[in-house]
Amino acid sequence: NTDNTDLSSDLLTSKTGVTIGGAYHFKAAATLKEDDLENPSFDSMDDSFSIDLGTTLSFDARPDDTIRVLGKVVIAYPFTYKADDTSTPTVDESRTFSDVFHVTELFSDFNIDNKVFFRAGKSTINWGVGYFFSPADLLNVSKIDPEDPDAELEGPVSVKINVPVGINNLYLYVIAPEGITSVTGLALAPKAEFVIGDSEFGLGAYYQKDHVPAGMITVTTGAGDVSLFGEGVVTYGSDKTFVQQGIQQGMPYALVTYDDTFFFKGTAGFRYSWSDDLSNFSFNVSGQYLFNGEGYSQDDQDFVTATRPMAMMSITSGSGGPFSSLALSDLAQTGRHYGAGNFSWNKMFQSDFTFSMFWLGNLSDGSGMLKPSLSYSGFNDIDISLSVPYSYGESGDEYTPMGDSVSASLTFSLGGTAF
């Protein structure tokens, strides 16, 4: 995930015209969920059915050997949305036009004398090297989903300036946040990447007026066949709003923010892959630990657990009250310590079955999720998978706000392909 791509390798030295590509997927999933694990029954189960249909379309234009233009859009079902000027009902009243048709990348690459390289437009900026968690990913609009860590992230509108220095690289990003109306709203983010032996290091900083400044360091290295990575981030202040014991609007809670306090986040992890000589089957193992300096102390975990259900209900219902200025994101990653891991066995016993086990846990409040999955790919252009996620913890914990639950999902992927 390092952002060390030398743009000179991207810019072709001959004309190739325009390449059109993309991907298509269609998935149908049926799910049964049981929230009352003490008295499970078919009557208490919730069933749901969902369709995930969409396509990614892209073009890569290289009109000559000095410039490249790339664009990528995502079209997703359902193809209806709630317009601002109509009362036409939709299935999801919160769905907007950008949920149906969305530009994820649109940029050009060019250079000055093959010494200074530019990328201007909207593009993904991979600062972080983490897999399940990436606190050093300070610039992208979307963040890593630990359940789908390989998904593409959406970046901001920016200008990247890259100056290679031997095998090392210097970068400067000028970022235009969405809705910017003044030049003072631009963000600056310098970064340096350098190689020492078999290890690569990154140093970067982020500054935007009226926002939390940050500095980060990343490292990637290896030990035999094991890939190792780590990140560290320091911020002066926090963008989060915190819930604490106190009195606010007649309730025994108070919302506080921190503008002049240092916060640290750090993570370390590994990835390992192995396959037999004939590639008949393979194993993949990955694991990661995250220290979250913005999380609540261990002494405050019980208070957060007791407060979470009421706060979430207030936020989702829009009822206001003492949690009116709180966002759902403020209730995410409330612990200090997290872990995640995944094991996958591809082509089990040289068959068309793949087994995986994913784990995500808040080590501070003891909640988490286990997700075993079994998939079959023996049919042409049809994949079938069965997953059984189990969320464990006390009621009010981060991953069990309403208590333990277990579900089973059967998913059919039909005709998905890249082109």
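How many cavities of 30 Å³ or more does the structure hold? In this model, which is predicted rather than determined by experiment, there are 2 cavities of 30 Å³ or more. The second largest cavity, with a volume of about 40 Å³, is lined by Val243, Tyr296, Phe303, Val304, Thr307, Arg308 and Leu331. Helix H3, which spans residues 301-317, provides the largest share of this lining, contributing 4 residues. When the lining of the second largest cavity is divided by class, 5 residues are nonpolar, 1 is polar and 1 is charged.

Turning to the surface, a nonpolar patch is formed by Val18, Ile20, Phe59, Tyr81, Phe97, Phe101, Val103 and Leu106, which together have about 730 Å² of accessible area. Two or more residues of this nonpolar patch are given by strand S1 (17-34) and likewise by strand S4 (101-112), and it is S4 that gives the most, with 3 residues.

Leu106, one of the residues that form the nonpolar patch, is found in strand S4. The relative accessibility of Leu106 is 46%, and this residue therefore counts as partly exposed, since that class lies between the cut-offs of under 20% for buried and over 50% for exposed.

Key
Residues numbered from 1 in each chain as written. Predicted model: local features only at pLDDT ≥ 70, side-chain atom pairs only at ≥ 80, totals over all residues. Heavy atoms only, no water. Patch = residues over 30% accessible without salt bridge, like charges linked within 9 Å, V, L, I, M, F, W, Y side chains within 5 Å. Areas by Shrake-Rupley, 256 points an atom, 1.4 Å probe, with all protein chains shown as cover. Salt bridge = Lys/Arg side-chain N within 4 Å of Asp/Glu carboxyl O. Buried < 20%, exposed > 50% of the residue type's maximum accessible area, 1.4 Å probe, protein only. 1 Å grid on protein atoms, 1.4 Å probe; cavity = no way out; pocket = protein on both sides within 12 Å on 5 of 7 lines; lining within 4 Å. Points joined across faces, edges and corners; volume = space filled by probe spheres on them. Nonpolar A, V, L, I, M, F, W, Y, C, P; charged D, E, K, R; others polar.
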